Amino acid sequence: TCHSGTNVQHPDGWSNIVDAADELPSSLAELGELVVGLAPEDEAAEAAKVVRPLVLCGPAEGGKKALLERLTTEFPDAFARVTTTTTRPAEEGEQASAEEGSEREREARYHFVSKEQFDAAVAEDAFLEHTERRVSAEGETPVPAGDDGEETGAAEPAAAPEPFLYGVSREAFEAARENGRVPVLDVDAAGVRALKKQFPEGAFLCVVPADVEALERKLRARA
């Protein structure tokens, strides 16, 4: 399901939010109604057996990160970010920090590890899904399976940048589920396919901007 707005739920999580629907944009309320329809009639019995994560995907700069941030900050008792494990270097502001005037610590977006640590975790089947992305002027792009970065032709091939590895660990996923919260993930299309096989009852949302032309201009300016 694609939406150009924001938000979602969980059997228990959405019930905490529905009272505030009048204060939210109509698209948020509509999206909540859509997802709550996935809840079973016998919520108490099913909640213990069925895991329903909220999985977000969509184009870069399309709004999914803003949606995830809003869900986890405005409704911290209902939604929790699933921290992504990555081998890329940390940038300023990406570590967990306490919000001013709040007892709750802001959740880190990434868990930074070495390639050796990441490979060891893969060998131990510690990830629900993982991928690698290569950094270029256009941003990070997935690396096709079997791509070793070599090019054919007479010209001397440019050295391909080392791809960064990204993964959703089982440990981070379970941590996000604590206290009945909905785990929220931000993944690419390959991640969606992998997670949909494992969590068919989950909510999978494609977040796209209302103004696609503005997004195109933004991405071209960044390239």
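I began with Tyr-110, which counts as buried at 13% relative accessibility; buried means under 20% relative accessible area, exposed over 50%, partly exposed in between (1.4 Å probe, protein chains only). Tyr-166 is buried too, with a relative accessible area of 3%.

Before going on, I noted the ground rules. This is a predicted model, in which local features need pLDDT of at least 70, side-chain atom pairs count only at pLDDT 80 or more, and totals for chains, interfaces and linings use all residues. Residues are numbered from 1 along each chain as its sequence is written, and side-chain values use heavy atoms, with hydrogens and water left out.

Entry: rings.
I looked up the aromatic pairs and found 4 in the structure. Rings of Phe, Tyr and Trp (its six-membered ring) pair if their centres lie within 6.5 Å; planes under 30 degrees apart count as stacked, over 60 as edge-to-face and the rest as tilted. Tyr-110 and Tyr-166 have ring centres 6.3 Å apart and planes at 65°, so I wrote them down as edge-to-face. This pair links distant parts of the chain, 56 residues apart: Tyr-110 is in strand 5 (residues 110-112) and Tyr-166 in strand 8 (residues 164-169). Helices (H or I, at least four residues) and strands (E, at least two) are DSSP runs, numbered from the N terminus. For Phe-118 and Phe-127 the centres are 4.6 Å apart and the planes at 25°, so this pair is stacked. Both Phe-118 and Phe-127 are buried. I also noted one aromatic cluster, formed by Tyr-110, Phe-112 and Tyr-166.

Entry: charges over rings.
The charged end of Arg-88 sits over the ring of Tyr-110, 4.5 Å from its centre. A charge sits over a ring if NZ of Lys or CZ of Arg is within 6 Å of the ring centre and within 35 degrees of the ring normal. Arg-133 lies over the face of Tyr-166, at 4.5 Å from the ring centre.

Entry: core.
The largest nonpolar core has 17 residues; among those touching the most other members are Val-55, Phe-173 and Leu-195. Such a core is a set of buried Ala, Val, Leu, Ile, Met, Phe, Trp, Tyr and Cys residues joined through side-chain atoms within 4.5 Å. Helix 6 gives the largest share of this core, 3 residues. A second, separate core of 13 residues includes Leu-56 and Leu-205.

Entry: cysteines.
I searched the whole structure for disulfides (cysteine sulfur atoms within 2.5 Å) and found 0. Cys-57 is in none, and the nearest cysteine sulfur, that of Cys-206, is 4.6 Å away.
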